[in-house]
Amino acid sequence: MKGEIYRVAGPVVTITGIKPKMYDVVHVGNEGLMGEVIRIKGDKATVQVYEDTSGIKPGEPVVNTGMSLSVELGPGLLESIYDGIQRPLKVLQEKMGDFIERGVTANGLDRDKVWEFKPVVSSGDSVKGGEVIGVVQETENIEHKIMVPPTVSGTIEEIKSGKFKVDETVCVLTDGTEISMMQKWPVRMPRPVIKKFIPRTPLITGQRILDGLFPVAKGGTAAIPGPFGSGKTVTQQQLAKWSDTDIVVYIGCGERGNEMADVLNEFPELQDPKTGRPLMERTVLIANTSNMPVAAREASVYTGITIAEYYRDMGYDVSLMADSTSRWAEAMREISSRLEEMPGEEGYPAYLSARLSEFYERAGAVKSLAGEEGSITVIGAVSPPGGDFSEPVTQNTLRIVKVFWALDAKLAQRRHFPSINWLTSYSLYTQGLSEWFTENVAPDWVSLRDNAMDLLQQESELQEIVQLVGSDALPEDQQLVLEICRMLREYFLQQNAFHPVDTYCPFDKQYKLLKAISKYSDMAQAALEAGIPMKDILSLESKDELAKVKFEEDFESALNVVLEKMDREFAALGGN
Amino acid sequence: MTKEYKTITEISGPLIFIEKTEPVGYGELVHINLPDGTTKRGQVLDTSADIVAVQVFEGTGGLNEESGVVFSGETIKLPVSKDMLGRILSGSGEPLDGGPRIIPEDRVDVNGASMNPYSRMPPVDFIQTGISTIDGTNTLVRGQKLPIFSGSGLPHNEIALQIARQAKVPGSEEPFAVVFAAMGITNEEAQYFMEDFEKTGALERAVVFLNLADDPAVERLITPRMALTAAEYLAYEHDMHVLVILTDITNYCEALRQMGAAREEVPGRRGYPGYMYTDLASLYERAGVIKGRKGSVTQFSILTMPGDDITHPIPDLSGYITEGQIVVSRELHRKGIYPPINVLPSLSRLMNSGIGAGKTRDDHKAVSDQMYAGYAEGRDLRGLVAIVGKEALSERDQRILEFADLFEDRFVRQGRDEDRSIEDTLNVAWDILSELPEALLTRIDNKYIDKYHPAHKSN
Ligand SMILES: Nc1ncnc2c1ncn2[C@@H]1O[C@H](COP(=O)(O)OP(=O)(O)OP(=O)(O)O)[C@@H](O)[C@H]1O
Ligand SMILES: [Mg+2]
């Protein structure tokens, strides 16, 4: 069927002459720009176009594909970098050079690459939707499971083995259905699962304030809101680098080109702490930067989560970072306003909240159709205007997510990084994960942590008094609390993402650091009670030396040296 | 495509609506012939089967229904050539200096296509500006977009000019070309820039676009795009390192707001259009370095914050796009400190990739972090001292308080022509840090203390 363009206003194009379904992908204009039907009214339909529409004229042709916006799923996703509609940026560069021109199509998966397919079922077996029929070694550490598309089932007539391209048939069912290693899935529809579990294991990130104070569970949801320059991107990149996840999907949604270039440059060099392999081998990047078309930005988040679901279905733990969900919401707003829809709060469409929750609902720990347990952890950055958390995107997000890492411009300004505010942040998983921590970190971990949180609370109250009377006017035990809190903040909470050693802190090291601070605290308390002057307790060298152990390559021995010195120094003070 | 329509049906603010018979492209350039013989230019904003909306750059004054409208059949293009260097052009690219028209080597769409992130090279080359608060604590690198956030009446123009004069990549001979675009600034301000360019000979390697306060606001939407198109051309076709100065982004945003209102769009925060983020990104993101190409585009734009408010939508959205910001402070200016840059809210996100051993110096990062920590704490203590008096401070706190003063006086303050090398900057830093007790230098590795602390430094 052929139609034609009736009207062009920026990324929104009205077409006439064909009768598409909602969300059908159409190609508009002489150059065949890709777009998606988002409204149908009478004999006209409105299309959001994923490419620049300059120069496009009414009367140019429109072709309907009859398919909704889908991604290609199969071996070759890992190590790829895509735009918002799964066009590989590398292929776009080969086809049109360093600047993105339009009207170029490119397959999500390389059609020429050959993969070694090993079947795990035999002919005569019956298979249900989502079941695994074979495996492909996609990268050194990731075995890619080839699954029957969720909507297909039957009895196997023929199953092959050997080297194939993604679109070649590897399996035929008795009803004649041919199955290849690649399947397509509409991005706006969640992939089905058997059931969802309550997440019970933490995502270990190697970031002290996250693991220690505000952990997120595998399969959980977290939001990082913060004003510009407060550390959203650095935190997300740290998570992408160091968390103990199998697969990372990183969506640069309406943010900077240089940041994506940075990831592309760095990830092939960095090693996955779990496997020692280059990080890129477990990563899929989606880069739809702020200057790329907004309609494709709107789609990028769905493209990313669908890819994440696909690996989850194989039984992998996937983490998905979206930087920034605010830019996604703004893309929705822009398109909505071009459609002249009735605006809701601050011009965002009334369905903002529904879209956000639908998206975060696609996170979770699940049993997949393949019978595997997998998870998607979703971590969304939020960029509130003026850093004001009362705006609609932050508020609607907080109603959904279970973990809130609140970035604080004041902390960032004094270069306290990560500038996550320990008083306003929270994790609703803390309780549920306690058992895991007690078993896997240390029996006293939970109490050490609760104690630290307690002290930090006290500090904020004491600070108010100090603001009025100065710290010297406080009683000695309270002065000690202030000092311990300074140590907690500077030695434990502060973590330099750019320091080769400090950037990643294993749980065991986190525990020992916190334990060391607690040791000083206990000994200082005892010394104070024994009548030792505060001044002497505060001037112990071992206390100041504790500041730098986290940077040491050989942390264990550096820490032991300091702890032994601490024992000697306290002994020398006498009293206890 | 020379058909002239005399079918204007409505004129409203900067917009005109025309009935037409042939298809017209979205974004097309439009020529409008007025009854008095003059012509204006505009751009198609909305095109449908029978009616077209056009925004008129020079404003709709003098237009009536008799005016003729000619659709050019193409989007807005800038004729580019290496001979643009040394030239002064209007905000829409016409010569203003009495010189001949530019003989184009090429004609390029001013909207520019977006750079493929895969083609980008992460910026890493340190640019020495000679200003300590930038080089030492908010380092600029080639291909970065780092605006100055200032306020009215503050010396941002002087700072920008000082940078344009002094900027260099140490050890590299390649000169910077400067592309300067004035958007809605006063004639006097523009003169100030032009004189300095002429005096220092910078004009020869500059391209100047002038849209002044009394030029039409709509033209302002095109001016920065012209400038960036010229910059990209010089950078990527002629291998030049181009420093782009756009001033003032605030005037640009006001024009954007005015246009939005004229189109009766649903306004976003404080009346600015909801798409202002995306629109600004289409300017700022045109900075960068491309793999395999020699040139680069670095942006150092000026933005005056209305009411000195950094949360105002203009600085706020800019900060979300640019790779940091240099914040000019009224408080420091009142204290008589030049350049009055407040490092605390300032930031260069690309600093980490441009500094360190082999680029600036191994201790650079640690020294910078330590100064931030000290200065931030010192400034807090100033607040406390105002309440409880200096005597109530501990010995430690008193030293930190003094450090904050030293920092402003020795590190921040420098002459308008003082071009400090990075070595000079770091040495000043160590001089003042050494006034603090060593135990307080917790952010600096012992090895750097041994190597650079004036009290330890061997040799
Ligand atoms: N953990 C950290 N360690 C060291 N430096 C950090 C850390 N987190 C943030 N920073 C510093 O803060 C700067 C800004 O961080 P980042 O780019 O992540 O901010 P953002 O919140 O993403 O801002 P925007 O909203 O503008 O994108 C970084 O360039 C870096 O200098
Ligand atoms: Mg960011």
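I began with the rule for a salt bridge: a side-chain nitrogen of Lys or Arg within 4 Å of a carboxyl oxygen of Asp or Glu. I kept in mind that this is a predicted model, where local features need pLDDT of at least 70, side-chain atom pairs count only at pLDDT 80 or more, and totals for chains, interfaces and linings use all residues. I also noted that residues are numbered from 1 along each chain as its sequence is written, that chains are lettered from A and ligands numbered from 1 in the order in which they are written, and that side-chain values use heavy atoms, with hydrogens and water left out.

**Entry 1: charged pairs in chain A**

I looked up A:K543 and found a salt bridge to A:D544, with 3.9 Å between the closest N and O atoms. Is A:K543 buried or exposed? A:K543 is buried, at 4%, while A:D544 is partly exposed, at 28%.

I then turned to A:D43, which forms a salt bridge with A:K44, the closest N and O atoms again lying 3.9 Å apart. Here A:D43 is partly exposed at 47%, and A:K44 is partly exposed at 29%.

**Entry 2: a pair in chain B**

Next I picked B:R416, whose side chain meets that of B:E158 in a salt bridge at 2.9 Å, N to O. This pair links distant parts of the chain, 258 residues apart: B:R416 is in the loop between α11 (395–412) and α12 (422–433) of chain B, and B:E158 is in helix α2 (residues 156–166) of chain B. My helices (H or I, at least four residues) and strands (E, at least two) are DSSP runs, numbered from the N terminus. B:R416 is partly exposed at 44%, and B:E158 is partly exposed at 24%.

**Entry 3: a sheet in chain A**

I traced an open sheet of four strands in chain A, in the order β11-β14-β16-β17, with antiparallel pairing. Two strands pair if DSSP finds at least two bridges between them. Which strands stand at the edges? They are β11 (126–127) and β17 (178–180) of chain A; each has a single partner strand, so one side of each is left without a neighbour in the sheet. Two bridges join β11(A) to β14 (residues 154–159) of chain A, and A:S126 has A:T155 as its bridge partner in β14(A).

**Entry 4: domains 2 and 3 of chain B**

I wrote down domain 1 (4–75), domain 2 (78–354) and domain 3 (364–457) for chain B, with bounds from an automatic or database domain assignment. The centres of domain 2 and domain 3 of chain B, taken over C-alpha atoms, are 32 Å apart. Their contact (heavy atoms within 4.5 Å) takes 31 residues from domain 2 and 24 residues from domain 3.

How many salt bridges does the rule find across this interface? It finds five between domain 2 and domain 3 of chain B. I also looked up B:K335 and B:E408, which form a salt bridge at 2.7 Å between the closest N and O atoms.

Methods. Buried < 20%, exposed > 50% of the residue type's maximum accessible area, 1.4 Å probe, protein only.
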